[in-house]
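I opened my notebook to look at how two chains sit together. Here is what I looked up, entry by entry.

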2 protein chains.
Amino acid sequence: MARVIVDVSLKPEILDPQGRAVQGALGRLGLAGVTSVRQGKQFVIDIDGVVDEAKLHELAGNLLSNPVIENYTLRIEQA
Amino acid sequence: MARVIVDVSLKPEILDPQGRAVQGALGRLGLAGVTSVRQGKQFVIDIDGVVDEAKLHELAGNLLSNPVIENYTLRIEQA
């Protein structure tokens, strides 16, 4: 069995109001020195059998992320 | 500067309807063998100066995640 982890994050040039809100809250609650917070999504996908890596990249880039505003990274951990 | 990455995921016993929807979509779009999909959140936090690790864990466990239904993992990358 393989575990595939897809991290989806906003492209750097896209504003992230949720991240900014978290940044403000972290500061108010006593965490010093925070210069940036970006919020993204993470998908943990378990796959039985052969992993079709090309298909995975196609789906990660189009279904799991929006290629207009998001980047993704994909890593495969064999279990 | 340090980069802190906090991954927040639903506890295993909590149902994840979004993940189930993604699992169905991946199968329909041609990815074979998917046995489970879980969707979580990821926060990428940049911190200047000294990193207060205890405070980080306190905030990750209460502000960034809901300890009733979510787990978090935290890793610190020095830049």
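**Two copies and their axis**

I superposed chain A on chain B: a rotation of 180 degrees with 0.0 Å of shift along its axis does it, at RMSD 0.0 Å (least squares on the C-alpha atoms of residues with pLDDT of at least 70 in both). The two copies are therefore related as by a two-fold rotation axis. K41(A) comes closest to that axis among the residues of chain A, its C-alpha lying at 2.2 Å.

I noted the ground rules: this is a predicted model, where local features need pLDDT of at least 70 and side-chain atom pairs pLDDT 80 or more, while totals for chains, interfaces and linings use all residues. Residues count from 1 along each chain as written, chains are lettered from A in the order written, and side-chain values use heavy atoms, without hydrogens and water.

**The interface**

I found 31 residues of chain A in contact with 31 residues of chain B (heavy atoms within 4.5 Å). How much area do chain A and chain B bury between them? It is about 2,700 Å², 62% of it on carbon and sulfur atoms (accessible area, 1.4 Å probe, lost on being put together, summed over both parts).

I looked for salt bridges across the interface of chain A and chain B, and the rule finds zero (a side-chain nitrogen of Lys or Arg within 4 Å of a carboxyl oxygen of Asp or Glu).

**The paired strands**

I saw β2(A) pair with strand β2 of chain B, residues 34-47, in the antiparallel sense over 13 bridges (strands are DSSP runs of E, at least two residues, numbered from the N terminus; pairing needs at least two DSSP bridges). One bridge I noted joins S36(A) to D46(B) in β2(B).

Definitions and conventions:
Buried area is the accessible area (1.4 Å probe) that two parts lose on being put together, summed over both. Helices (H or I, at least four residues) and strands (E, at least two) are DSSP runs, numbered from the N terminus.
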